[in-house]
Amino acid sequence: MSPLRVLPIEDFVVGQARAASALQHALEAGPLFPSLVFHGPGGVGKLTAALLLARALLCEAPGERPCGACRSCRHIGDHSLVHADVRLALPEKKSDFDRESSGADESSGVDPQELQAEAIRNPVWSVLIDRLRQGIAFLQRRPSESRHRILIVDQAHRMEAAAGNALLKTLEEPPAHALIILLTSSWHALLPTIRSRCQAVPFQLVPRTVIVNYLVERRELQAEEAVLRAGLSGGRIGAALDLDLEGFRARRDALLAILDELAGRGDPGLAVARAEAIVQAGESVEADLDILMSLLRDLMILGVSPADEARLIHVDIAPRLRDLAARLAGRAGAALGDLEATIDSIQKKGNRQLLVENFLIGLLPESARPPRDFART
């Protein structure tokens, strides 16, 4: 079989030069190792890369692949997977699997990105052994319309132990036409026997500037919005794209109003009331604290260097933050440390109300804070 001619993978998988280079070489040099593990942080493009690899392998075009126009390419999309020779397994609810198995058409299409998002929203779900057995049987059959059959297992670290063991024999002796791609955010959570049978392809967090450039040049976003999305993404391009900007700005404005009040009024009672509002707002407390973390980071920078906007996340509200930083009089740095400790205590099942109260009281001017012994009660 002649080597494949593959379009530059780095053009499709943003900020993953190392992984893209490894996959490019493997595809063009051939043959591809039959069992791969894409591992690295969530939201950095592992599922996109797996689907791209499937398109490149199954593309029907005589030239460079994936062409994006042939039947195979059109049937393997980020939001529509209908190709008969590609199967996706993810964590799911057992009752959903049973309902599907009782009458669903196996060839019906799925939305890979939506299924992934749903699996992440439900961390108690597992990759079921019954789903893996379906996938193994799928791999054993000959391809129906191409040269390969591909099984992608997303969130592979959430495979039931029995499911992982069931996959071992196929990993050890895969059919010649089979390719298995495991996606995981935790390489070491996979069974050692699985790791030893697969070739690892590492993914990493994407530099902020790379995300900004991608959003501006390829998604045609305004620079200010791109900087905000990139700064909040934590190096995850998926998070930058999925951010509900309108909802985020509304919540940010509410939290900024609290910081404004606390900086202007030295009132412990106000801090207690606002802590209650945050905890009982019906929103995610952790998400609110993450927003506060990014705001305090910018306030700390502006407190030290008021003209330095280049390193801000919330560059769209720089004048308002500069004013607030001046009124906090250098307390943002200490508050940032307090907030990290607060988040850590909440993650260890501490009392959210008391912890947020204590943090907000710490934002008050020194003269307005109650004695430390009082604050602890």
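Leu 296 is in contact (heavy atoms within 4.5 Å) with Ala 332, Ala 335, Leu 336, Leu 339, Phe 359 and Leu 363, leaving aside its neighbours within four places in sequence. This is a predicted model: local features need pLDDT of at least 70, side-chain atom pairs count only at pLDDT 80 or more, and totals for chains, interfaces and linings use all residues. Residues are numbered from 1 along each chain as its sequence is written, and side-chain values use heavy atoms, without hydrogens and water.

Now the cores. A nonpolar core is a set of buried Ala, Val, Leu, Ile, Met, Phe, Trp, Tyr and Cys residues joined through side-chain atoms within 4.5 Å. The largest has 55 residues, of which Leu 296, Leu 299 and Leu 360 touch the most other members. Helix H14 (residues 285-304) gives this core its largest share, 10 residues. A second, separate core holds 33 residues, including Leu 27, Leu 58, Leu 179 and Leu 183.

Next, a helix pair. H13 (residues 268-279) packs on H17 (residues 352-361) at about 135°, and their axes lie 8 Å apart. That angle makes H13 oblique to H17; oblique covers what is left after under 35 degrees (roughly parallel), over 145 (roughly antiparallel) and 65 to 115 (roughly perpendicular). Among the residues that meet are Ala 271 and Ile 278 in H13, and Val 356 and Leu 360 in H17.

Last, strand E1 (residues 35-39), where His 39 is found. Leaving aside neighbours within four places in sequence, its contacts include Lys 46, Trp 187 and Phe 203.

Methods:
Axes are lines fitted to C-alpha atoms, for helices over the stretch in contact, and angles run from 0 to 180 degrees between N-to-C directions. Helices (H or I, at least four residues) and strands (E, at least two) are DSSP runs, numbered from the N terminus. Buried means under 20% relative accessible area, exposed over 50%, partly exposed in between (1.4 Å probe, protein chains only).
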